Amino acid sequence: MFPRIEKICRKFESEQHLISAERKTILKSVAEAVDSQIDKNGIAKLIYICTHNSRRSHFGQVWAAAAAEFYGMSSKIGVFSGGTEVTALHPNSIKALETMCFQITADAEVRNPRYDVKFGNDLSTICFSKVYEASENPQNDFLALMTCSHADENCPFIPGATERFSLPYEDPKLFDNTKLEDEKYLECALEIGREVCYMMSQSALKEDNA
């Protein structure tokens, strides 16, 4: 794991007080569902979902992959993302991830390229915009994590999901083309990372006590 990414994960552990009690309750419920999936199937599959699969859902996917590695659970966690429509991983999202020292390369100069997002020399996750029910994602027995209120409200039922959780975040798109653009994208990415690490730590705690 890249030292800078590991350092951020450790910083998240010291910032758990920044997560509200209400959010912690939801995140603990997600951790319990993760544990249940691992007990049942040997692996828990998580799909982070927002409308365009271009910002918040990708932050969730990337940080879930990194947190699983950080907490020694990478062999037991599968991470994915999707949307209700296809766009592309937004350049501002890429910039925020690179600011946090993820290394990103694209496979082609196309409208919706696949990005290899690395958080270690041999550690990465593939990000590109797709609908949540795309063939690249699990079709059943997965946990759906709704990262935006629009997708949350318009998709009250996610076919194939074992459980569905509402975890909306403020849309950094609201700050596109403003002087706060970089700050708000990074703020969103860090908030999601902090909560993902908290959730993963709760699941890892059970693993340690097993």
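Modeller: Keep in mind that this is a predicted model. Start with the rings. The structure holds three aromatic pairs. Take Trp63 and Phe102. Their ring centres are 5.1 Å apart and their planes stand at 85°, so this pair is edge-to-face. The two residues come from distant parts of the chain, 39 residues apart. Trp63 belongs to helix α3, which covers residues 56-70. Phe102 sits in the loop between α4 (91-99) and β3 (103-106).

Another pair is Phe70 with Tyr71. This pair is also edge-to-face, with 4.9 Å from centre to centre and 90° between the planes. Both Phe70 and Tyr71 are buried. Now go back to Trp63 and Phe102. Together with Phe12, they form one aromatic cluster.

The charged end of Arg23 sits over the ring of Tyr169, 4.7 Å from the ring centre. The charged end of Lys130 sits over the ring of Phe128, at 4.3 Å from the centre.

Next, follow the chain from Phe102 into the sheet. The loop that holds Phe102 lies between α4 and β3. Strand β3 is part of an open sheet of three strands, in the order β3-β4-β5, with antiparallel pairing. β3 and β5 (123-127) stand at the edges. Each has a single partner strand, so one side of each is left without a neighbour in the sheet. On average, neighbouring strands here are turned by 25° against each other, direction ignored. Look at how β3 meets β4 (residues 115-120): four bridges join these antiparallel strands. In one of the bridges, Gln103 is partnered by Lys118 of β4.

Helix α3 lies across β4 and β5, and runs at about 160° to β5.

Last, the cysteines. A search of the whole structure finds zero disulfides. For Cys188, the nearest cysteine sulfur is that of Cys50, 9.3 Å away. Cys188 is at 5% relative accessibility, so it counts as buried. For Cys197, the nearest cysteine sulfur is that of Cys9, at 4.0 Å. A disulfide needs the sulfur atoms within 2.5 Å, and Cys197 is in none. Cys197 counts as buried, at 2% relative accessibility.

Key: Residues numbered from 1 in each chain as written. Predicted model: local features only at pLDDT ≥ 70, side-chain atom pairs only at ≥ 80, totals over all residues. Heavy atoms only, no water. Phe/Tyr/Trp six-rings, centres within 6.5 Å; stacked < 30°, edge-to-face > 60°. Buried < 20%, exposed > 50% of the residue type's maximum accessible area, 1.4 Å probe, protein only. Lys NZ or Arg CZ within 6 Å of the ring centre and 35° of its normal. Pairing = 2+ DSSP bridges. Axes fitted to C-alpha atoms, helices over the stretch in contact; angles between N-to-C directions. Contact = heavy atoms within 4.5 Å.
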